[in-house]
Amino acid sequence: MSERIILITGTRKGIGEALAKYYLSKGDIVIGCSRSEIEWSKNGAFENYRHFLTDVSDEKAAKEIFSFIRKKYGKLDALINNAGRASMNHSLLTPIDTMRDVFNTNTVGTFLFCREAVKLMRKEKNGRIVNFSTVAVPLKLDGEAVYAASKAAVVSLTQVLAKEFAEFGVTVNAVGPVPIKTDLIRGVPEDKIKRLLDRQAIRRYGTPEDVINVIDFFLKPESDFITGQVIYLGGV
Amino acid sequence: MKGIQDVITEQIQSYNEVADEKIDTANGEESVIYGKGSPLDSVGFVSLMLDIEQAVADELNIDITLVDARAMSQKHSPFRTIKSLAEYIGKLSEQGDE
C-alpha cells in the first residue's frame, strides 16, 4: 500500500477540516474524528475519508479507531493531534469543570492518541506525530491560564515522547499556531486579538495553510531527524 | 481451538525470528519471558507485550491492556512465564480489563 494513512483528530471544522481535505487532495487516506457529525463528508463525498464519532479523551473509543486502522490498513503513517478546546476567561471566572474539559481534550486526548499511535507505528519503524500547542504558551497570555497550561503540557509531552518513541522510528513534534479565524477564538474580543497579534514578529492572523505548511515539513520523509521540536508561527 | 498460551507462544516465536538474543521456549509453559534468565530488555519487553496484546485482541477477541502500573507493581510478576502471562490475560479478560 503506497498511500499514506493519516489520522487527524478534530476534523469537523476549522483547521482539522482543512487538514483532512488537504491530505485527501494529496491522495492520502484520512481517518478523522470529532464528537459530533460532520457536514463536509456526508454521503461519502470523499471516498478515502473515514469518520469516527469520538471524544478524544475516551480511551475505549480511541482504541476502537486504532483497532479499525490496524485491521483495515495494517499501518499508520501519521497522527495529527488537532482536536482542541479553548477557555478564554480570567482564572477567577473559570469553573473547575471547564478546566477538566479543556485538559481532557487538549492534554489527555493528545497523550492517549500518541500512545496508541506508536503501538501501530513501531511495526513499520516509521511514523510521524504532530501535536498542537499555541503561542499562548510562550506569550503567557493572561486570561488563558487553563488553555495555556493544557497546551504547555502538550509541549512537555511532545518533548518527552520524542525521546521515548525515537527508538521506534517515530518522530513527535508540535506546531504552535497564532490566532486563526476559526470558532476557537470566536468569543475573544477584537482588541484582545489585536494586542496578541502585536506581539508577533509578523502581525497578522494565521491561516490553515500556514499550519499545513509546518505539518507538511514534519511529515516529510526527509524530516526523520527532526523530533521534539515546537514551531511557533508568526515569529513568536 | 487456539488458546491464550498458543497465541503467546506464536508471538514469542515471531519475536525470536528477528531477535539477536532469543527467548528459550524449550520449557513449554514454564519458559521464562521476562525477569532473571530472560534476554529481554525493557524495550524488547514492551514490544513483545504489545504484540501479544494485539494478537489476543485479533485472534481471541480479548481486548485488554497488558502493561500498566497495576501489572508492573504486582508482587509476583505476571510476565514471568508463558503460563503466568496466560493466566493473567485470562483474569483480565474475565474482569473486562477494568
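Modeller: Let's start with a cut-off: a residue counts as buried when its relative accessible area is under 20%. Keep in mind that this is a predicted model. Phe79(B) has a relative accessible area of 1%, so Phe79(B) is buried. Tyr88(B), at 4%, is buried too.

Those two rings form an aromatic pair, with 6.2 Å from centre to centre and 75° between the planes, which makes the pair edge-to-face. They also belong to one aromatic cluster, formed by Tyr34(B), Phe45(B), Phe79(B) and Tyr88(B).

Now for the other two members. The ring centres of Tyr34(B) and Phe45(B) are 4.0 Å apart and the planes sit at 15°, so this pair is stacked. Where do Tyr34(B) and Phe45(B) lie? Tyr34(B) is in the loop between α1 and α2 of chain B, while Phe45(B) is in helix α2, so the pair ties together parts that are eleven residues apart in sequence. Phe45(B) has 2% relative accessibility and therefore counts as buried. Tyr34(B), on the other hand, comes out at 24%, so Tyr34(B) counts as partly exposed. For context, the structure holds ten aromatic pairs over all chains.

Staying in chain B, have a look at two of the helices. Helix α1 (residues 4-18) and helix α4 (residues 82-95) have axes that come within 9 Å and cross at roughly 125°. The two helices are therefore oblique to each other, and α1(B) passes α4(B) in a right-handed crossing. On the α1(B) side, the contact is made by Ile4(B), Gln5(B), Ile8(B), Thr9(B) and Ile12(B). From α4(B) come Ile82(B), Lys83(B), Leu85(B), Ala86(B), Ile89(B) and Gly90(B). Sorted by class, this contact has seven nonpolar, three polar and one charged residues.

One more thing, this time about the backbone. Most residues other than glycine have a negative phi. Asn61(B) has a phi near 60°, a positive value in a residue other than glycine. Asn61(B) is found in the loop between α2 and α3 of chain B, and with a relative accessible area of 64% Asn61(B) is exposed. Chain A has a case of this kind as well: phi of Lys125(A) is near 55°, again positive in a residue other than glycine. Lys125(A) sits in the loop between α3 and β5 of chain A, and at 52% relative accessibility Lys125(A) counts as exposed.

Conventions. Residues are numbered from 1 along each chain as its sequence is written. Chains are lettered from A and ligands numbered from 1 in the order in which they are written. This is a predicted model: local features need pLDDT of at least 70, side-chain atom pairs count only at pLDDT 80 or more; totals for chains, interfaces and linings use all residues. Side-chain values use heavy atoms; hydrogens and water are left out. Axes are lines fitted to C-alpha atoms, for helices over the stretch in contact, and angles run from 0 to 180 degrees between N-to-C directions. Helices (H or I, at least four residues) and strands (E, at least two) are DSSP runs, numbered from the N terminus. Angles under 35 degrees count as roughly parallel, over 145 as roughly antiparallel, 65 to 115 as roughly perpendicular and the rest as oblique. A crossing is left-handed if the near helix is turned anticlockwise from the far one by less than a right angle, and right-handed if clockwise. Contact means heavy atoms within 4.5 Å. Ala, Val, Leu, Ile, Met, Phe, Trp, Tyr, Cys and Pro count as nonpolar, Asp, Glu, Lys and Arg as charged, and the others, Gly among them, as polar. Rings of Phe, Tyr and Trp (its six-membered ring) pair if their centres lie within 6.5 Å; planes under 30 degrees apart count as stacked, over 60 as edge-to-face and the rest as tilted. Buried means under 20% relative accessible area, exposed over 50%, partly exposed in between (1.4 Å probe, protein chains only).
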